[in-house]
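My notes follow in the order I took them.

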Amino acid sequence: KKQHAGFKVKKSHHMLCADALNKKFGMGVTADQVDRHYRYHKENWKYIAAALSKSGNAFDHTRFLVTISESEKATLCVSFLQN
């Protein structure tokens, strides 16, 4: 959060995060595991950001869920729910 707008996360940052997790929680994670976790959430965030940018959608702070309006749900193409 304290970094400038053009900040890029590098391998050294992942090593620092892995060290901090290992010290605090004794998890035994590697920098590669931290990197994959970061990339996974970065990839999924674009869908959440797109949903929240549309009118009628919001974040429910009580249940920690993104709520999507009924009109938005009707336009979603979710083929795995139709099976």
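I began with the cut-offs: buried means under 20% relative accessible area, exposed means over 50%, and partly exposed lies in between. I kept in mind that this is a predicted model.

I looked up I48 with those cut-offs. I48 lies in helix 2. Its relative accessibility is 31%, so I48 counts as partly exposed.

Next I listed the elements. I found three helices and two strands. Along the sequence they run α-α-β-β-α.

I then stayed with helix 2, residues 31-53. I checked its length. Its 23 residues should span 33 Å at 1.5 Å a residue, and the end C-alpha atoms are 33 Å apart, which agrees. I also looked for a bend and noted one of about 30° at W45.

Which residues of helix 2 are buried? I noted A31, V34 and A51. I asked what they pack against, and found helix 1 (11-25) and strand 2 (65-67).

The protein exposes about 7400 Å². Carbon and sulfur atoms supply 59% of that area. I picked out a nonpolar patch of about 550 Å², made by W45, I48, L52, F59, F64 and V66. Helix 2 gives the most to this patch, with three residues. W45, where helix 2 bends, is one of the patch residues.

Last, I took the totals. Buried residues make up 12% of the 83 residues. Among contacts with a separation of 6 or more, 5% join residues 24 or more positions apart.

Technical notes:
Residues are numbered from 1 along each chain as its sequence is written. This is a predicted model: local features need pLDDT of at least 70, side-chain atom pairs count only at pLDDT 80 or more; totals for chains, interfaces and linings use all residues. Side-chain values use heavy atoms; hydrogens and water are left out. Helices (H or I, at least four residues) and strands (E, at least two) are DSSP runs, numbered from the N terminus. Buried means under 20% relative accessible area, exposed over 50%, partly exposed in between (1.4 Å probe, protein chains only). Contact means heavy atoms within 4.5 Å. Accessible areas come from the Shrake-Rupley method with a 1.4 Å probe; for residues, only the protein chains shown count as cover. Patches are made of residues with over 30% relative accessible area and no salt bridge: like charges are joined within 9 Å, nonpolar side chains (Val, Leu, Ile, Met, Phe, Trp, Tyr) within 5 Å. A salt bridge is a side-chain nitrogen of Lys or Arg within 4 Å of a carboxyl oxygen of Asp or Glu. The expected span of a helix is 1.5 Å times one less than its number of residues. The bend at a residue is the angle between axes fitted to the seven residues ending there and the seven starting there.
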